[in-house]
Every structure is written in C-alpha cells, then in structure tokens.
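Colleague: Thanks for sitting down with me. Could you walk me through this model, one topic at a time?

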Amino acid sequence: MSPQHKSQPTTPTPKTAWYWWPFLCIEYLFYSWCILLLAEWFGHYWGWTVGEHAKATFFSQLALLQDDFPQLTQQIIDHVLIMFEWAAVLASIEFVGVFSAITPYWQGMVFVTLALIARIIMLISFYPLFLLALFMGLFDGLVVRQRRIAQLDREHVTVHYHSKRGLPWIVGGAGIVWLILPGLWPMHPLVVLLPCAMMSGVMMRIVIASYKKYL
C-alpha cells in the first residue's frame, strides 16, 4: 500500500483547561446576546414591534416569576432597578435627521441587554436546583454501582464515556436555552430549567452507575 493511502492516526481533541471556562462563558453570553439582538431587530418580519418587544417580554417574564417566587422576583427587581435607571437614560436617546430610524433599534438593544442580565441573575438563583439534581443522581448512581459490583455485572465503558461527555453539555445547554428562549417569548423558569435539571440528574446517575468496578 502506498504511503498516501495509509490511514493517519487521529489526534484527540485537547480538553479546555479550567482557567478558560470563564472566557467560554463570556463567549456563549455574547453569542446569546447577538441572537436575541438580531431577533429583536428583524422582529418586524413576524409581527413584533422593534424596540417594544424586548421591553414587553421582560416585564411579562417578571410577572410570571412573581406568581410563584415573589421573594426571588423582589431580589431580581432590586438588582434590575439599579440597571434600569442606566437603561432608561440610554433608551431615552433619540436620533434625529437621517438617523431617526435607528431609534427603535437602539432602544431594542438596550432592553435586550437589560433583560439578558436579569435572566443571568435568575439562572444563578436557580442553579441550586441543578446541584440538588446532581447530588441525587450521584447518590443513586453509587447505589446502582454497588449493586452491580455485588452481582458481578459487566462494566459499561462506552455508556460511561458518552454520558460523561454529555453531562456538561446538558448543564451548559440548559443555561443557553434559558438565556435565549425567554427573550423571544415569556416563559416560566421551571418550564425550561426543571426538565434540564432532571436530565442532568439522570445523566449523573448513569455516569456514576456505569463507572469502572474498582476505584
């Protein structure tokens, strides 16, 4: 066989070092902000009012949260009110002349940014739910693993490998989904975050239960 037909060994993709994680979070936040901003600016194609949709969605989101989590809503409002004064000053800027058409797009950008910051605060407040789900999955996975060892069942290396790789994507993907979808339509946090937390707990259970027989 000629040298050019020999299969080249595949080099494994290097893992991202832990000190790069904050920069990855900032990168994903920037992508989410860009998606929401483009959806707001081009929203007139599907019936949205540019500059007003983000504002209306933001207050509708707080109203949904107020019904079930009044204390959390008040904490979010306290943080947001500080930024709302800054946002109101920026949103009050009106362009004149040939640039007057930019005014609603500018206001949309201001309220998209404000609503995104508020959802980040909500996400941080709801992450104990993920920690609880992960702990329950860890505990139940240890029980299943010990039962498998006692019954001399075979190890599931492939299942463990893929579930271990999928766990960070579920936890991180839940945050991305929560940052984007409620910015388009008002959604209750539990509609998005509770199923994702349950999936992360189940995935943690699979990771621990399928771990190798001996530590």
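Colleague: What percentage of the 215 residues in the chain is buried?

Modeller: Happy to start there, with two notes on the basis. This is a predicted model, so local features need pLDDT of at least 70 and side-chain atom pairs count only at pLDDT 80 or more, while totals for chains, interfaces and linings use all residues. Residues are numbered from 1 along each chain as its sequence is written, and side-chain values use heavy atoms, leaving out hydrogens and water. With buried meaning under 20% relative accessible area, exposed over 50% and partly exposed in between (1.4 Å probe, protein chains only), the buried share of the 215 residues is 35%.

Colleague: How many helices and how many strands are there in the chain?

Modeller: Both are DSSP runs numbered from the N terminus, helices being H or I with at least four residues and strands E with at least two. From the N terminus on, the elements run α-α-α-α-α-α. The count is therefore six helices and zero strands.

Colleague: Are α5 and α6 roughly parallel or roughly antiparallel?

Modeller: Axes are lines fitted to C-alpha atoms, for helices over the stretch in contact, with angles from 0 to 180 degrees between N-to-C directions. The axes of α5 (residues 157–184) and α6 (residues 189–209) come within 9 Å and cross at roughly 165 degrees. Angles under 35 degrees count as roughly parallel, over 145 as roughly antiparallel, 65 to 115 as roughly perpendicular and the rest as oblique. So α5 and α6 are roughly antiparallel.

Colleague: Is Ser163 buried or exposed?

Modeller: Ser163 is found in helix α5. Leaving aside residues up to four places away in sequence, Ser163 touches Met203, Ile206, Val207 and Ser210 (contact meaning heavy atoms within 4.5 Å). Its relative accessibility is 5%, so Ser163 counts as buried.

Colleague: And how do α2 and α4 pack, roughly parallel or roughly antiparallel?

Modeller: Helix α2 (residues 53–68) and helix α4 (residues 103–150) have axes 8 Å apart, at an angle of about 25 degrees. That angle makes the pair roughly parallel.

Colleague: How many disulfides does a search of the whole structure find?

Modeller: The criterion is a pair of cysteine sulfur atoms within 2.5 Å. Among the cysteines, Cys25 is partly exposed at 47% relative accessibility, whereas Cys196 is buried at 15%. Searching the whole structure, the number of disulfides found is zero.
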